[in-house]
Amino acid sequence: MSTTTKQPSPAAPAAPRAGLLPRLRPLAATGTVWYLRLIALVNVLAVVVTPFRDSVQHHNEGQFFTPYLMTSGLASAVLSIFLAVAMRRRKRAAWIFNFALGGLTFLLYVLALVFPGSDHYDKHGFNYFSTVLTGLFMLCLMVGRKEFTSKGDRSNPLTAVATFIGGLALGGVVGALLVGLNNRLSGADFGDEFRYAVGRMVTVTPSDRLLDVIDVPNWLNAFINAMGAVLFLLVLYVAFRSPRGKELLTAEDEAKLRALLDKQGERDSLGYFALRRDKAVKFSPTGKAAVTYRVVGGVSLASGDPIGDPEAWPGAIDAWLAEAREHAWAPAVMGASEEAGVIYARHGLDALELGDEAIVELDEFSLDGRAMRGVRQAYNRIKRAGYTVRIRRHEEIPEAEMADLLSKADLWRDGQTERGFSMALGRLGDPADGRCVMLECHDADGALRAVLSFVPWGPGGLSLDLMRRDRDTENGLIEFMVIELLEKGAAEQNLKRVSLNFAMFRSVFERGSRLGAGPVLRLWRAVLGFFSRWWQIESLYRANAKYRPIWEPRYLLFEKSSEIPRIGIASARAEGFITAPSLPSLFRRRHTRSALPGATAALPTAEGGGKG
């Protein structure tokens, strides 16, 4: 895998910050993050190292107190980690939480030292250390306040409260039932058992009255405590989660994007996929460029290159990045070209090479020659069996025929989960997509056995969107259809080039199989080969290579290396490789809409599949 080096932004330099305080704000904000990280580390050590835990407990009770959030409990360690992550993402809600809780803690410490009373808090030097350290944390919070601008979802506080109440009630019921089944004493009713379970969940010692009537095994107490820990984690997640992206592509947005594609659509083979309606869009100030994206798991996931004039790309990228930072989303781009990667790098994004896109120039394709012998034989075998291919634009297909094509495409879909995001349109047969091209393959009896759909790539190109075939047909049928397009596309549809499947990590398979490949490369190739059993990584490369295409590299762009696992999971979810839990399909509805005002929506739109 290769990387591109970050380059300075070409935008006009911002005016220098005036005064000492503005220069200290980023340092102060970073200081609060490192404080929370160190406290989390100390708390974890206190949990696992018994002598250290005893020392922390000694300094956290009686006449002693410890710095903000420093205890010997796992709950404080988890809370510190959550807050450190939220503060690193500059979430405003995390700053408010720390300021409120930390401020109260600092105030109590100061009062304890000023008015020690009979506890003699002022006689212990460690208490002064704890107060100073907590005060420095509060000072950093106040200095760095303006750095924490990322907004959370307005519903988070109420949702967190509802989660806590609902989770506590559910856990109390479950715990009460288990207590009733395992109680070794008599005299407790359901209310007593419920209060006991709730008390254990919030780590409150049960009252003496409850202990007189309830005696359960230690494993049950541990289980109830574990339910409380899970509830605590869930409440923290809900309270500090980033807002979900709710703005999807509108009819007006789609019309603007189609206008940009009409002018600049030839630049990127993935440009038409920007019209997916589960994406949102950010336009440049001039309206001459746009970035389309989808928010998945707190990641603002764009795909392909920006749409429109490259000179206006920086404005669209700035708008997209500004929104991502405002909501603490991790910005990422899947499948960017090298040209776009360079522009994104100037805006602070780094890059990893994901793989290569297979592009075939029609005037250079030929079945002649020894290298194409296997492909030529397979093509002739299918042709002799009587299969034929018909090539038409979607707008040329009558409504009744299109309805039959949609029905067969849904029937032949492999599984319930629709795959594809960066290289899939997500629909089929929409009236607004009339310039898309459909390939229909019929057998010798005239029955439809396979379909391919391509989206426009400028005036003279196509990009593969969907592949569906009857599972009972001959092997090599899809290859036969692709070759028919490559041989007849220029004459029938005035085509010059066709973009086929994307081959992830192609260079690893190609170089890893060569003589003299190093052990690391061979190991990496073996790992990818193992996962290819489920995700068709190597098979897609082999399927593309037979057409002897031009390989165009595509990149994954990201802002921070630490966000790569999070981005990888979000990408897998967007592409359909990982399915988040949801309601059964019985309770879901499929919605369709016309893309543009005045479009005729006479047909249902089938969901499309992606490139591989």
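Guide: Let us begin with a definition: a residue is called buried under 20% relative accessible area, exposed over 50%, and partly exposed in between, using a 1.4 Å probe and protein chains only. This is a predicted model, in which local features need pLDDT of at least 70 and side-chain atom pairs count only at pLDDT 80 or more, while totals for chains, interfaces and linings use all residues. Residues are numbered from 1 along each chain as its sequence is written, and side-chain values use heavy atoms, with hydrogens and water left out.

Visitor: Why is Asn494 called exposed?

Guide: Asn494 has a relative accessible area of 59%, and exposed begins over 50%, so Asn494 counts as exposed. Asn494 is found in the loop between α15 (477-493) and β12 (497-504), where helices (H or I, at least four residues) and strands (E, at least two) are DSSP runs numbered from the N terminus. Its phi is positive, about 55°, although Asn494 is not a glycine.

Visitor: What makes Ala328 buried or exposed?

Guide: The relative accessibility of Ala328 is 6%, so Ala328 counts as buried. Ala328 lies in the loop between α11 and β6 (330-336), and its phi is near 60°, again a positive value in a residue other than glycine.

Visitor: How do you know that Arg184 forms a salt bridge with Asp215?

Guide: A salt bridge is a side-chain nitrogen of Lys or Arg within 4 Å of a carboxyl oxygen of Asp or Glu, and the closest N and O atoms of Arg184 and Asp215 are 3.4 Å apart, so the pair qualifies. Arg184 lies in the loop between α6 (156-182) and α7 (190-201) and Asp215 in the loop between α8 (208-213) and α9 (218-240), so the bridge ties together parts that are 31 residues apart in sequence. Arg184 is exposed at 53% relative accessible area, whereas Asp215, at 34%, is partly exposed.

Visitor: What makes Lys282 and Glu323 a salt bridge?

Guide: Their N to O distance is 3.9 Å, which is within the limit, so the two side chains meet in a salt bridge. The pair links distant parts of the chain, with Lys282 in strand β2 (residues 280-283) and Glu323 in helix α11 (residues 313-326), 41 residues apart. Lys282 counts as partly exposed at 25% relative accessibility, while Glu323 is buried, with a relative accessible area of 10%.

Visitor: How many salt bridges does a search of the whole structure find?

Guide: The search finds 26 salt bridges. One of the pairs is Glu559 with Arg325, whose closest N and O atoms are 2.5 Å apart. Glu559 lies in the loop between β13 (550-558) and α19 (564-575) and Arg325 in helix α11, so this pair ties together parts that are 234 residues apart in sequence.

Visitor: Why is the pair of Phe65 and Tyr109 called stacked?

Guide: Rings of Phe, Tyr and Trp (its six-membered ring) pair if their centres lie within 6.5 Å, and planes under 30 degrees apart count as stacked, over 60 as edge-to-face and the rest as tilted. The centres of Phe65 and Tyr109 are 4.2 Å apart and their planes are at 15°, so the pair is stacked. Phe65 lies in the loop between α2 (50-58) and α3 (74-88) and Tyr109 in helix α4 (residues 92-114), 44 residues apart, and both Phe65 and Tyr109 are buried.
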